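Keep the structure open while you read.

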Amino acid sequence: MSISTPHTWRTTDFDFELPPELIAQHPAPERSASRLLDGRRWPPIDLIFRQLPELLQPGDLMVFNDTQVIKARLFGVKPTGGRLEVLVERVLPDGEVVAHMKVSKKPAVGTELRMAPDAHGTPAFTATLLGRWPEADGPLFRLRFSGDPYTLMQRYGHVPLPPYIQHPDSADDEQRYQTVFAKHPGAVAAPTAALHFDEAVLAALDARGVRRAAVTLHVGAGTFQPVKVDDIAQHRMHSEWYRIPPETLAALEQTRRQGGRIVAVGTTTVRTLESWAATGQTEGDTDIFITPGFSFRVVDGLITNFHLPRSTLMMLVSAFAGYERIMALYRHAVQQRYRFFSYGDAMLLQRARR
């Protein structure tokens, strides 16, 4: 579902200079001790994330993505002894697995891969290659594990840290690359804006009279996919599964009726809510691509981390808060040494008036 705009936006329009040392390699010592840039007005205000409840009003509704990151990175060997890496993208309803595969030479259909082998080469389980996905020549691989995929990933998998985080996953990552309210397993990337919330902040929101609701969008590895075309209208967006439960629909309706604001926690929540507004579907796959010129129908406010240059997420936040505003906020964040990307700091935005 690509949203076309009359203006021709180029990928280079969403570029900016980012010193490498500002890419956060580890989370803040405490979740809510990260920094928060209030970018709703100019000049922006530099805060600490635990101050967020003070910026919201009683009657506002905060919507979270309650997806749970699975340990989706698995290592194995082919029958020939060649090493391979599998990154599970999703588990299909029939129990088959769809995954990215990093290997020197792609194995043939029907090959039985030996996964998580021990020092003697004995595999913990096997994965049989069934074909490509979603089409016969699709970019992903369809596999059948010799046991329950979720159980095997939890036991033998690794936390799928983003490519820009340079250290191997650890026990600390297993805890911190997961939200405190993660509920439904299926994501291979964290909804990172929600990583800043801890029980104290959630309690402060409750005390403030800010209500909470949840949606589920299983974030895929495509979130890190670079935009390889010049004209962004030619970019093919990846697809992700989402669901909005009835109680969240009721909360959205009540908030609108009472004049409250709907604040999305993260771009994945924005994509979920606006997909529903555009299609009327409360569950299914979405490939919505939000770029400047998009008409938002649900979300009034947004909490988000600082995103990669030239990324679809930079395009989304530019559509939401205004291109010039976003580029100015990013210049401010670089100057003030904010920490970027998944383990980085956060920003509060409001929807630009058109």
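In this predicted model, helix H5 (residues 267–279) packs against helix H6 (residues 312–321), their axes coming within 11 Å and crossing at roughly 65°. That angle makes H5 roughly perpendicular to H6. The crossing of H5 and H6 is left-handed. On the H5 side, Thr267, Val270 and Arg271 make the contact. On the H6 side, the partners are Leu313, Leu316 and Val317. By class, the residues of this H5–H6 contact are four nonpolar, one polar and one charged.

H6 also meets helix H7 (residues 323–335). The axes of H6 and H7 come within 6 Å and cross at roughly 120°. H6 is therefore oblique to H7. H6 contributes Met314, Val317, Ser318 and Ala321 to this contact. H7 contributes Tyr323, Arg325, Ile326, Met327 and Tyr330. The residues of the H6–H7 contact divide into seven nonpolar, one polar and one charged. Val317 of H6 takes part in the contact with H5 and also in the contact with H7.

**Pockets and cavities**

Rolling a probe the size of a water molecule over the atoms shows where empty space is left.

| Space | Volume | Lining by class |
|---|---|---|
| Largest pocket | about 900 Å³ | 16 nonpolar, five polar, ten charged residues |
| Second largest pocket | about 410 Å³ | 17 nonpolar, 13 polar, three charged residues |
| Largest cavity | about 90 Å³ | four nonpolar, five polar, two charged residues |
| Second largest cavity | about 40 Å³ | six nonpolar, one polar, one charged residues |

Start with the largest pocket. Its lining has 31 residues. His100, Leu140, Ala221, Gly222 and Gln225 lie nearest its centre. Strand S6 (83–91) and strand S7 (97–103) each give at least two residues to the lining of the largest pocket. S6 supplies the largest share, five residues.

The second largest pocket is lined by 33 residues. Nearest its centre are Thr223, Phe224, His307, Leu308 and Leu313. H5, strand S16 (301–305) and H6 are the elements that give two or more residues to the lining of the second largest pocket. Which element gives the largest share of the lining of the second largest pocket? H5 does, with three residues.

Now the cavities. The structure holds two of 30 Å³ or more. Lining the largest cavity are Pro27, Ala28, Arg31, Ser34, Arg176, Thr192, Leu195, His196, Ser342, Tyr343 and Gly344.

The second largest cavity has Met237, Arg271, Ile288, Phe289, Ile290, Thr312, Leu313 and Leu316 in its lining. Three of these residues come from H6, the largest share.

Arg271, Leu313 and Leu316 line the second largest cavity. Arg271 of H5 and Leu313 and Leu316 of H6 also belong to the contact between H5 and H6.

Technical notes:
Residues are numbered from 1 along each chain as its sequence is written. This is a predicted model: local features need pLDDT of at least 70, side-chain atom pairs count only at pLDDT 80 or more; totals for chains, interfaces and linings use all residues. Side-chain values use heavy atoms; hydrogens and water are left out. Axes are lines fitted to C-alpha atoms, for helices over the stretch in contact, and angles run from 0 to 180 degrees between N-to-C directions. Helices (H or I, at least four residues) and strands (E, at least two) are DSSP runs, numbered from the N terminus. Angles under 35 degrees count as roughly parallel, over 145 as roughly antiparallel, 65 to 115 as roughly perpendicular and the rest as oblique. A crossing is left-handed if the near helix is turned anticlockwise from the far one by less than a right angle, and right-handed if clockwise. Contact means heavy atoms within 4.5 Å. Ala, Val, Leu, Ile, Met, Phe, Trp, Tyr, Cys and Pro count as nonpolar, Asp, Glu, Lys and Arg as charged, and the others, Gly among them, as polar. On a 1 Å grid over the protein atoms alone, a cavity is a set of points where a 1.4 Å probe fits but cannot get out, and a pocket is an open set with protein on both sides within 12 Å along at least five of seven lines; lining residues have an atom within 4 Å of a point. Grid points are joined across faces, edges and corners, and a volume is the space filled by probe spheres set on the points.
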